[in-house]
Amino acid sequence: MALGGGGARGLAHLGILQELEQAEISVDFLTGTSMGALVAAVYAQNPSAARAVDRFREYLASTEFKKTNPEFLHSPNREDLPRWEGIFQRFASFIRKGIFYSQSLTRQAPISEENFTRNIHFLLEDKNLEETAIPLAVSALDLKSCQEVVLQKGSIRKAVSASCAIPGILPPIKIQDWELVDGGWIDRVPVAPARNLGADLVIAVDVAEEPDEDTDLSTGLGIVLRTYDITRCALGRLQLEEADVVVCPDVSQVHWADFSRLDECIWAGAKALREKSEEIRRKITRKKIRNFFLSPAPGKNPPARTSG
């Protein structure tokens, strides 16, 4: 299974895992990028969806999370706030965003690696990627080589920190000679790494935002941001074509920085998986039949495993 990035929207992965357990569909391999890497790592260390949900609920209520919560990057819905409170909330958000954008021009990141590391430590045991109960790989982007780096060995905390390091908000994480940031910038849903781990059937979970239709095209910056979004989404769609099943929870109303909607995201993930469960079962059955007929006769070498 490949879990994609999407910030707070990635909490829907918890609902996906819950529903897979309910449907008794096993997860044999896990890959993740960004928020998907964090959820995948928590589950891979202890394969219990209920425990993973409890862990994230505790985390989102913790002082560690509150120190690094990027909620100022989204504006409250006007309908959710009283008229005057809404004005003040939006004004405060505007000021905080202004401070953030100005800091981004002079500092590597407004959130320190030390504070972010405490967050990761809260959620993950201090073990290596090789020690997880379910085989796990996480994706990150190396700023030096401009290549995707798929991490399968070494500190799980360090690897997940690298995969979650949102450029401009969190500092790059140095591993070996790499300067690693959020893997979602190069591999929105890490399908190919799941194949390389050995998965015959890959379920890809995509919770990323599509390009904003309301982008202001009256400025050069607005046009640049719009063209970047189009390119990023086009790459993501091409990568998803390599998956056997693509699950897209409806979290379109959840801003990537709004972590206050845990239960809503979980519900959306569970609903999306239920709608795909029959398709998943059919494809699992077909794979089993195909593998049965392709299995080698006694005394012969097995067929070579492919990446597709």
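I started with a charged pair: Arg195 and Asp244 meet through their side chains in a salt bridge, 2.9 Å from N to O. I count a salt bridge when a side-chain nitrogen of Lys or Arg is within 4 Å of a carboxyl oxygen of Asp or Glu. The pair links distant parts of the chain, with Arg195 in helix 8 and Asp244 in the loop between helix 9 and strand 8, 49 residues apart. Helices (H or I, at least four residues) and strands (E, at least two) are DSSP runs, numbered from the N terminus.

Notes on the source. This is a predicted model, where local features need pLDDT of at least 70, side-chain atom pairs count only at pLDDT 80 or more, and totals for chains, interfaces and linings use all residues. Residues are numbered from 1 along each chain as its sequence is written, and side-chain values use heavy atoms, with hydrogens and water left out.

**Entry: Arg195 and Asp244, continued**

I looked up burial next. Buried means under 20% relative accessible area, exposed means over 50%, and partly exposed lies in between (1.4 Å probe, protein chains only). Arg195 has a relative accessible area of 7%, so Arg195 is buried. Asp244 is at 18%, so Asp244 is buried too. I then found Lys287: Arg195, Asp244 and Lys287 are linked in a network of salt bridges.

**Entry: other salt bridges**

How many salt bridges does a search of the whole structure find? I got 13. One of them joins the side chains of Asp263 and Arg57, at 3.0 Å from N to O. Asp263 is in helix 10 and Arg57 in helix 3, so this pair ties together parts 206 residues apart in sequence. Asp263 is partly exposed, at 48% relative accessible area. Arg57 is partly exposed as well, at 38%.

**Entry: Arg188**

I moved on to Arg188. This residue is in the loop between strand 6 (178-182) and helix 8 (191-197). Is Arg188 buried or exposed? Its relative accessible area is 5%, so Arg188 is buried. I found a salt bridge from Arg188 to Asp206, with the closest N and O atoms 2.7 Å apart. Asp206 sits in the loop between strand 7 (203-205) and helix 9 (220-240), so the pair ties together parts that are 18 residues apart in sequence. Both Arg188 and Asp206 are buried.

The two side chains are also joined by a polar contact of 2.7 Å. For a polar contact I need a pair of N or O atoms within 3.5 Å; within protein, one must be able to donate a hydrogen and the other to accept it, and residues adjacent in sequence count only if both atoms are side-chain atoms.

I listed what else Arg188 touches, leaving out residues up to four places away in sequence; among them are Gly4, Thr33, Glu210, Arg232 and Leu240. Contact means heavy atoms within 4.5 Å.

**Entry: Arg9**

Next I looked up Arg9, in the loop between strand 1 (2-3) and helix 1 (12-22). At 7% relative accessibility, Arg9 counts as buried. Its side chain reaches the backbone oxygen of Ser252 at 3.2 Å. Beyond its neighbours within four places in sequence, Arg9 is in contact with residues including Val207, Glu209, Trp256 and Cys265. I also checked Arg261: its C-alpha atom is 8.9 Å from that of Arg9, though the two are 252 residues apart along the chain.

**Entry: aromatic rings**

I turned to rings. Rings of Phe, Tyr and Trp (its six-membered ring) pair if their centres lie within 6.5 Å; planes under 30 degrees apart count as stacked, over 60 as edge-to-face and the rest as tilted. I counted four aromatic pairs by this rule. Tyr59 and Phe122 form a tilted one, 6.0 Å centre to centre with 45° between the planes. This pair links distant parts of the chain: Tyr59 is in helix 3 (residues 49-60) and Phe122 in helix 6 (residues 113-123), 63 residues apart. Tyr59 is buried at 8%, whereas Phe122 is partly exposed at 21%.

The centres of Phe65 and Phe259 are 5.4 Å apart and their planes are at 70°, so that pair is edge-to-face. Phe65 lies in helix 4 (residues 63-68) and Phe259 in the loop between strand 8 (245-247) and helix 10 (262-294), so parts 194 residues apart in sequence are tied together. Both Phe65 and Phe259 are buried.

Which residues form one aromatic cluster? I noted Phe56, Tyr59, Phe65, Phe122 and Phe259. Last, I found Arg55 over the face of Phe122, at 5.0 Å from the ring centre. A charge sits over a ring if NZ of Lys or CZ of Arg is within 6 Å of the ring centre and within 35 degrees of the ring normal.
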